[in-house]
Amino acid sequence: MAQKPEDIIRDEVRALTGYHVPDSAGMVKLDAMENPYRLPQDVRGQIAALVAHAEINRYPDAAATRLKTVLRATLNIPADTTVLLGNGSDEIIQMLMLATARPGAVVLGVEPSFVMFRLVATFCGMRYVGVPLQPDFSMDADAMIAAIEEHRPALVFIAYPNNPTGNLFEAVQIDRVLQAAPGMVVVDEAYHAFAGRTYMNRFGDYPNLLVMRTLSKSGLAGLRLGLLAGHSEWLRHVDKVRLPYNVSVLTQLVAEQVLQHQVLLDDQAATIKSERTRLHKELKRTPGIMPFPSDANFILFRTAAAERIFDGLKHRGILVKNLHGAHSALAGCLRVTVGTAEENDTFLDALRASLA
Ligand SMILES: *Cc1c(COP(=O)(O)O)cnc(C)c1O
């Protein structure tokens, strides 16, 4: 007799709601930390020429040798580390967990943080332990160390800066985590372009350190390219669970080309940072809105009527992220991505109209 999905699909998977991506057609899209700027016409022309000649009848270079060379140079990746590429850093999170998902193995992170850490742990049958942040969203290092001692996690994830809170944790606290953790510690630097601080130069101090980056938040979200740097003693094993052609011919070609124009991406990041400062100031002087400090390209803010304001913004054509209900520490919180000056003004007007 044929079986039902409940007999076949794993309980923890049936219990999931999945990652919801809202329909954003026609909206001012300030919900997903995308860079609002396109590339200039001449660079787009270079991409068009590359794509026209791309050998898409062939599989991609499975080792992506040329792209890795360009990435090493532009991201200052130390020569004695190994680099692993993913179809976005989300796929790297999945590889790390596939490689470590022994029965009973634990993934540890702070709470609230990037939802993919918990979601992918669940996909892979791992147990996720979230250690609460302090009310001001700083790390509770003593609680982290205690949880590490208790659960002996195979993997620790620290987003630096953290999403959705936007802050950088204190380096001395992350150092304590690196010293205490028995397994790999992944410092996820998805927002590095807007923060400036990094663990990319700390591999000499910590054999269990891995640093993750993505091109998604600096203008290439549609390309899907993430990377993990670290010691080969760990990464040579993680690389075995990578599907061989995970980074497409087009992604490799386009990323190599765009990275030749790092100055352009840096300029865009600088503009986004100055808009972040302006947006934060405007939010702060808006009655009923309490913005948190940010080292990323988004701002988390608290309001007494999050649901009403989220709906009011949506009604006025603006999509932000509603985090009210996502976690007790995020009660009343919305998260807005820093857009162009014009988008930010449109958002501020709509916000004030929604508050009225
Ligand atoms: C956006 C984000 C990612 C995912 O990036 P992709 O490379 O697009 O998969 C990873 N970590 C954090 C903390 C993020 O906010």
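Trainee: Where is the place of Leu319?
Mentor: Leu319 belongs to strand S11, residues 318-319. Strands (E, at least two residues) and helices (H or I, at least four) are DSSP runs, numbered from the N terminus. Keep in mind that this is a predicted model: local features need pLDDT of at least 70, side-chain atom pairs count only at pLDDT 80 or more, and totals for chains, interfaces and linings use all residues. Residues are numbered from 1 along each chain as its sequence is written, and side-chain values use heavy atoms, with hydrogens and water left out.

Trainee: Is Leu319 buried or exposed?
Mentor: Leu319 is buried, because its relative accessible area is 2%. The cut-offs are under 20% for buried and over 50% for exposed, with partly exposed in between (1.4 Å probe, protein chains only).

Trainee: And how far is Leu319 from Gly288?
Mentor: Their C-alpha atoms are separated by 20 Å. Along the chain, Leu319 and Gly288 are 31 residues apart.

Trainee: Where is Asn76?
Mentor: Asn76 is in the loop between helix H4 (65-74) and strand S2 (82-86). At 61% relative accessibility, Asn76 counts as exposed.

Trainee: Which peptide bonds are cis?
Mentor: One runs from Glu111 to Pro112, with omega near 0 degrees. Pro112 is in the loop between strand S3 (106-111) and helix H6 (115-123). Another cis bond goes from Tyr160 to Pro161, again with omega near 0 degrees. Pro161 is in the loop between strand S5 (155-159) and helix H8 (171-180).

Trainee: Switching to helices. At what angle do H13 and H14 pack?
Mentor: About 130 degrees, with their axes 9 Å apart. H13 covers residues 306-315 and H14 covers residues 341-355. Axes are lines fitted to C-alpha atoms, for helices over the stretch in contact, and angles run from 0 to 180 degrees between N-to-C directions.

Trainee: What do we call that arrangement of H13 and H14?
Mentor: H13 and H14 are oblique to each other. Under 35 degrees is roughly parallel, over 145 roughly antiparallel, 65 to 115 roughly perpendicular, and the rest oblique.

Trainee: And H5 with H6? How do their axes cross?
Mentor: At roughly 45 degrees, and the axes come within 10 Å. H5 covers residues 89-100. H5 and H6 are oblique to each other too.

Trainee: Last topic. How many cavities of 30 Å³ or more are there?
Mentor: The search of the whole structure finds one. A cavity is a set of points on a 1 Å grid over the protein atoms alone where a 1.4 Å probe fits but cannot get out; lining residues have an atom within 4 Å of a point. About 70 Å³ of space lies in the largest cavity, a volume being the space filled by probe spheres set on the points, which are joined across faces, edges and corners.

Trainee: Which residues line the largest cavity?
Mentor: Among them are Asp61, Lys68, Leu85, Arg242, Tyr245 and Gln252.

How values were computed
1 Å grid on protein atoms, 1.4 Å probe; cavity = no way out; pocket = protein on both sides within 12 Å on 5 of 7 lines; lining within 4 Å.
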